[in-house]
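Visitor: I would like to learn how to read domains and helix packing in a model. Please take me through one.

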Amino acid sequence: MIRSAIFDLDGTLVDTADDLIGAMNAVAHRFDLPRLDPVEARAAAGRGGRGLMRHAAAQAGREITDDQILAAYPAFLDAYEIRIAEESRYFPGAEAAVDALIEAGWRVGICTNKPERLARTLIDRLGGAARYGALLGADSLPVRKPDPRHVLETIGRLGGAPAQAVMIGDTATDRDAAGAAGVACVLYEHGFSPAPVAELAPEAVFADFAELPTLIDGLIRESA
C-alpha cells in the first residue's frame, strides 16, 4: 500500500510569517492600514494575506470589507512575491523529516491555501522541490481547505488512498480538512495556530520534526 504524507506549507513545513507580515507592511499605507508587529501578528500569518488585512484593520479598530480586501489583495501578492524567501526558512528538522519519510517509502505532497504559483516559487527558492510528488495550492481546484476535496485530490495525485494517508498541519483549517476527508491528522505545535493545537483534537501533536516519521507510521499501523 502507498503511504502518503500530506503537508501544509505555511506554519508547518516553512516559517513564512516574517515575509508575509513584511509584505503586508509594505502595502499597508496604500490602504490606510497600520503596520503590524511581527511578533504580535504571527498567529494571523496563518490566514494569509486576507487574514493579515483583517488583522491590521482590527488593530485600527475598524473592519475591512470583502470588496476592499479583493481590491487590495493583488498589491499584497506583488509585494509578497518580491520578498517570498527573504526570511522564510524550513522549520528546524522539517527537511530531514521529509527525507526520512521518502527513504522509508512514503510519498510526500503539499496541500496549501497559498496560491499554487507562489507555493512552487517558495519551494523552488528554498530547494528540494523534487521531494514532493504533488503540490496543490488554493487555486489548483475550485475548492480549497477545509474542503476535503483539496486533501483527497493531493492524495490521489500521489497514487495513495485516505486510509493510508496522514495530513500534517498547524491550524484548525488542516484539522477540519483532514477530518472531513477521513484522513488522520497531526498538528505542529510551533506553527501559526492562535490556539494550542491539542485543543483542536487531532490524532496527535508534535513539537520536534525528528518525532514525525515514527509518529505517523504508528498512526497508519493503528488504522490498519
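Guide: Start with the domain interface. About 1100 Å² is buried between domain 1 and domain 2, and carbon and sulfur atoms give 45% of that area. Buried area is the accessible area (1.4 Å probe) that two parts lose on being put together, summed over both. In domain 1, Ser88, Leu118 and Phe192 lose the most area to domain 2, together 43% of what that side buries.

Visitor: What kind of model is this, and how is it numbered?

Guide: This is a predicted model: local features need pLDDT of at least 70, side-chain atom pairs count only at pLDDT 80 or more, and totals for chains, interfaces and linings use all residues. Residues are numbered from 1 along each chain as its sequence is written, and side-chain values use heavy atoms, with hydrogens and water left out.

Visitor: Which residues does the assignment give to domain 1 and domain 2?

Guide: Domain bounds come from an automatic or database domain assignment. Here domain 1 is 4-15 + 88-222, and domain 2 is 17-83. Their C-alpha centres lie 25 Å apart. Contact means heavy atoms within 4.5 Å. By that rule, 14 residues of domain 1 are in contact with 12 residues of domain 2.

Visitor: How do I read a helix pair?

Guide: Two packed helices are described by the angle between their axes and the distance between the axes. Axes are lines fitted to C-alpha atoms, for helices over the stretch in contact, and angles run from 0 to 180 degrees between N-to-C directions. Helices (H or I, at least four residues) and strands (E, at least two) are DSSP runs, numbered from the N terminus. Take H2 (residues 48-59) and H3 (residues 66-82): the angle is about 120°, and the axes are 10 Å apart. That makes H2 oblique to H3. Angles under 35 degrees count as roughly parallel, over 145 as roughly antiparallel, 65 to 115 as roughly perpendicular and the rest as oblique.

Visitor: What is the handedness of the H2 and H3 crossing?

Guide: A crossing is left-handed if the near helix is turned anticlockwise from the far one by less than a right angle, and right-handed if clockwise. H2 and H3 cross in the right-handed sense. H2 contributes Gly49, Arg50, Met53 and Arg54 to the contact, and H3 contributes Asp66, Ile69, Ala72, Tyr73 and Phe76. By class, that contact has five nonpolar, one polar and three charged residues. Ala, Val, Leu, Ile, Met, Phe, Trp, Tyr, Cys and Pro count as nonpolar, Asp, Glu, Lys and Arg as charged, and the others, Gly among them, as polar.

Visitor: At what angle do H1 and H2 cross?

Guide: Roughly 55°, with the axes of H1 (residues 17-27) and H2 coming within 10 Å. H1 and H2 are therefore oblique to each other. Their crossing is right-handed. Leu20, Ile21 and Met24 of H1 meet Gly49, Leu52 and Met53 of H2.

Visitor: And H6 with H7?

Guide: H6 (residues 148-157) and H7 (residues 172-181) pack at about 70°, with axes 8 Å apart. That makes H6 roughly perpendicular to H7. Pro148, Val151 and Leu152 in H6 meet Ala177, Ala180 and Ala181 in H7. The contact has six nonpolar, no polar and no charged residues.

Visitor: Which peptide bond is cis?

Guide: The bond from lysine 145 to proline 146, with omega near 15°. Proline 146 sits in the loop between S5 (134-136) and H6.
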